[in-house]
Amino acid sequence: MAAADAAGDLGRADFDVIVVGAGIMGSCAAHAAASRGARTLLLERFDLLHDLGSSHGHSRTIRDAYPKARYPPMVRLARRLWGDAQADAGYRVLTLSPHLAMGPRSNAALLAAVGNGGGAEVDLAGRWGGGVFRVPDGWVTAVSELGGGVLDATKAVAMFQALAVKKGAVVRDNKEVVGIVKEEGGAGVRVTTSDGEEFHGAKCIVTVGAWTSKLVGSVAGLELPIQPLHMLTLYWKIRPGHEHELTAAAGFPTFSSYGDPHVYSTPSLELPGLIKINYDGGPPCDPNSRDWVSGGGDAADRVARWIEEFMPGHVVTDGGPVVRQSCMYSMTPDKDFVIDFLGGEFGQDVVLGAGFSGHGFKMGPAVGMFLAELAIDGEARTAAEAGVELRHFKINRFKGNPMGNSKDD
């Protein structure tokens, strides 16, 4: 039976895989499951492509310069899958660029990221003329030529949703899932929504971002240490006369500054004359009741001080950022993902993808494939073939150890 037929009368609806949450991870998981021929349903609590969670906006970086060696293999797999998806869709969501990592030579995370990403130290003045950056003596400035890029986030989510539908998936928005229970007799799960609709699936994948702890706590009684943070995405005015040299077209890089504060940026791309430069942090929040007026903490002030020190001749800080956009991180204590079976009474019937900690978007196609394989096959063979160790992302790493992998890193 085709997936479209499974929901034909909107009465009892039977699917092989039900994906809850249509951000980047859920959309990629739905696409991966439907590509396997599974009757797939993707449910979204809000409107499709909404801006209330973590997968909206115009830019996310992709880089394989990671301090933790567990991530570069996942990024490289994801990069290939991004290419496959773009070829299938017939348009691009990824703009390639170099990636610059910089910071004190004493910073172990920076040195590990440079090594894992294959970066080579460069003279910034020679590489980007005009003295764009002013860095202290003793800082490492290393560039990975092939490891960087900018993803158009909302467009990328839309692409994977469209490709999922092309493969036969059913997508429904404004469907808030309030219940996930085992079917009587133990065959599959029943998913219920706030408007009383029910869907039946052999397997379920949960990818609800900042709402993970709330939903998992209500349906499984499991407390997960995943804390939503209220983030601000900041765009700053480029000083007149320097607009072109800071663009992706001119070869300007994505960059990460490992000093204090930790700042990251994408080249000027989506908003002409503006450049995105962000502080990697924000205050804890409740995703249902964020402070939209003052949320985001002192991020803008921190970034302004960084710009004044490191890019004073090229970026304007007077008056603060030109654009402020709200977003959320879903932080685990160790900043590692959760990719695992929910377990308990659900066994292997419910798979959880969560806690992507502000750096997971780039790996969405890989994570989505892993989640779909766990749901359908009970194991993620693609992860093993790519050299990705999923043991790092198990839920039980927090059992009796609230800091998870932090003790080992």
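## Helices α2 and α9

In this predicted model, helix α2 (residues 24–35) and helix α9 (residues 364–377) are oblique to each other, a class that takes in the angles left over once those under 35 degrees are counted as roughly parallel, those over 145 as roughly antiparallel and those from 65 to 115 as roughly perpendicular. The two helices pack at an angle of about 55°, and their axes lie 7 Å apart, where axes are lines fitted to C-alpha atoms, for helices over the stretch in contact, and angles run from 0 to 180 degrees between N-to-C directions. Their crossing is right-handed, that is, the near helix is turned clockwise from the far one by less than a right angle.

On the α2 side, Ile24, Met25, Cys28, Ala29, Ala32 and Ala33 take part, and they meet Gly364, Pro365, Val367, Gly368, Met369, Leu371, Ala372 and Ile376 of α9, contact meaning heavy atoms within 4.5 Å. Sorted by class, this contact holds 12 nonpolar, two polar and no charged residues, with Ala, Val, Leu, Ile, Met, Phe, Trp, Tyr, Cys and Pro counted as nonpolar, Asp, Glu, Lys and Arg as charged, and the others, Gly among them, as polar.

## Helices α2 and α6

The axes of α2 and helix α6 (residues 153–166) come within 8 Å and cross at roughly 25°, which makes α2 roughly parallel to α6. This crossing is left-handed, the near helix being turned anticlockwise from the far one by less than a right angle. From α2, the residues Ile24, Ser27, Cys28, Ala30, His31 and Ala34 make the contact, together with Ala156, Val157, Phe160, Gln161, Leu163 and Ala164 from α6. The residues of this contact divide into nine nonpolar, three polar and no charged.

## Burial and length of α2 and α9

In α2, 11 of the 12 residues are buried (under 20% relative accessible area, with exposed over 50% and partly exposed in between, for a 1.4 Å probe and protein chains only). The buried residues of α2 pack against β1 (14–20), β2 (40–43), α3, α6, β10 (198–206) and α9. The end C-alpha atoms of α2 are 16 Å apart, in agreement with the 16 Å that its 12 residues should span, the expected span being 1.5 Å times one less than the number of residues. Gly37, which follows α2, has a positive phi near 90°.

Helix α9 is likewise mostly covered, with 11 of its 14 residues buried, including Phe370, Glu373 and Leu374. Its end C-alpha atoms are 19 Å apart, which agrees with the 20 Å that its residues should span. Just after α9, Gly378 takes a positive phi of about 80°.

Helix α3 (residues 72–89) reaches 25 Å from its first C-alpha to its last, close to the 26 Å expected for its 18 residues. Among its buried residues are Pro72, Arg79, Trp82 and Gln86, and α3 is followed by Gly90, whose phi is positive, near 90°.

Thr95 is found in strand β4 (residues 94–104) and is partly exposed, with a relative accessible area of 21%. Not counting residues up to four places away in sequence, Thr95 touches Gly149, Val150, Ala248 and Leu269.

## Basis of the values

Helices (H or I, at least four residues) and strands (E, at least two) are DSSP runs, numbered from the N terminus. Residues are numbered from 1 along each chain as its sequence is written, and side-chain values use heavy atoms, with hydrogens and water left out. Because the model is predicted, local features need pLDDT of at least 70 and side-chain atom pairs count only at pLDDT 80 or more, whereas totals for chains, interfaces and linings use all residues.
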